[in-house]
Amino acid sequence: MPDDAAAADELARRFADGEPEALRAVFDRHGPAVQRLVRASLRDQADVDDVVQATFVSAWNGRHSYDPDKAGLLAWLLGITRRRIVDLLRARGRRQRDTDAAAATAPAEAPAAESPERVVDRLIVADGLRRLPDAQREVLELAFYADLSHPQIAERTGLPLGTVKSHLRRGMRKLRSELGGVPEEVTDDASRSRSPRPARP
């Protein structure tokens with residue numbers, strides 16, 4: 001055992017002096033203990049390999065700070081190992097928080113773009129509606145865009161039911177004329193079923 005302690009001390013001295021062969025020997029001697037400590041904290045084998053590698057890279061780069069009077073080489077290596085495990089877990093936590101924050105602030109999926117023909121239709125209908133008298137335009141918008149029945153429109157506007165039907169009939173006739181269509185007689189009760197709904201402007 002005294003010979004083994006002497007060999008360990010000699011290896012530590014060579015490692016601290018920067019002998020490249022000593023790094024290989026230190027890895028062979030203390031690598032299994034470092035791996036056991038990492039596996040106790042991390043499940044993913046790739047993470048284990050990364051931390052073990054980072055530990056020995058840090059030890060090699062910082063070998064001049066190793067003081068054999070304060071701790072044995074293995075204890076010093078395990079101290080570095082614990083710090084590398086904490087670094088990895090903190091980095092993982094930051095990535096998860098960044099991912100969550102990005103997901104929380106991501107804009108909603110953009111609606112499907114309208115076809116150019118649909119846009120033109122909407123503009124034409126909007127222009128046609130603007131040319132109608134206010135009362136007729138309001139009745140048409142409530143019928144086709146708010147999907148209200150004639151009695152509901154009468155209740156909403158305060159107009160008599162017959163006036164609502166008259167505005168709807170005349171408004172549709174004028175709108176069709178404005179849009180270049182053939183005027184079509186609109187019945188009181190079946191206007192929406194016989195006539196296609198104008199595109200909402």
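User: Happy to dig into this one with you! Why is T55 called buried?

Analyst: Glad to! In this predicted model, T55 has a relative accessible area of 0%. Buried means under 20%, so T55 counts as buried.

User: Where does T55 lie, and what does T55 touch beyond residues up to four places away in sequence?

Analyst: T55 lies in helix 3. Leaving out residues up to four places away, T55 touches V34, L77, I80, T81 and R84.

User: What makes V34 a contact partner of T55?

Analyst: Contact means heavy atoms within 4.5 Å, and V34 is in contact with T55 as well as V52, F56, L77, L78 and T81, its neighbours within four places in sequence aside.

User: Which residues touch the most other members of the largest nonpolar core?

Analyst: Among its 23 residues, those are F15, V26, V34, V38, L73, W76 and L77. Helices 1, 2, 3 and 4 each supply at least two residues of this core, and helix 4 gives the most, with seven. Another core, of 16 residues, lies apart from it and includes L129 and I153.

User: How do you know that the buried residues of helix 7 line one face?

Analyst: Those buried residues are H150, I153 and A154. Seen down the helix axis, they fall within an arc of 100°, so they line one face of helix 7. On the other side, E155 and R156 are exposed.

User: What follows helix 7?

Analyst: That is G158, with a positive phi near 80°.

Note on methods
Residues numbered from 1 in each chain as written. Predicted model: local features only at pLDDT ≥ 70, side-chain atom pairs only at ≥ 80, totals over all residues. Heavy atoms only, no water. Buried < 20%, exposed > 50% of the residue type's maximum accessible area, 1.4 Å probe, protein only. Arc of directions from axis to C-beta. Core = buried A, V, L, I, M, F, W, Y, C linked by side-chain atoms within 4.5 Å.
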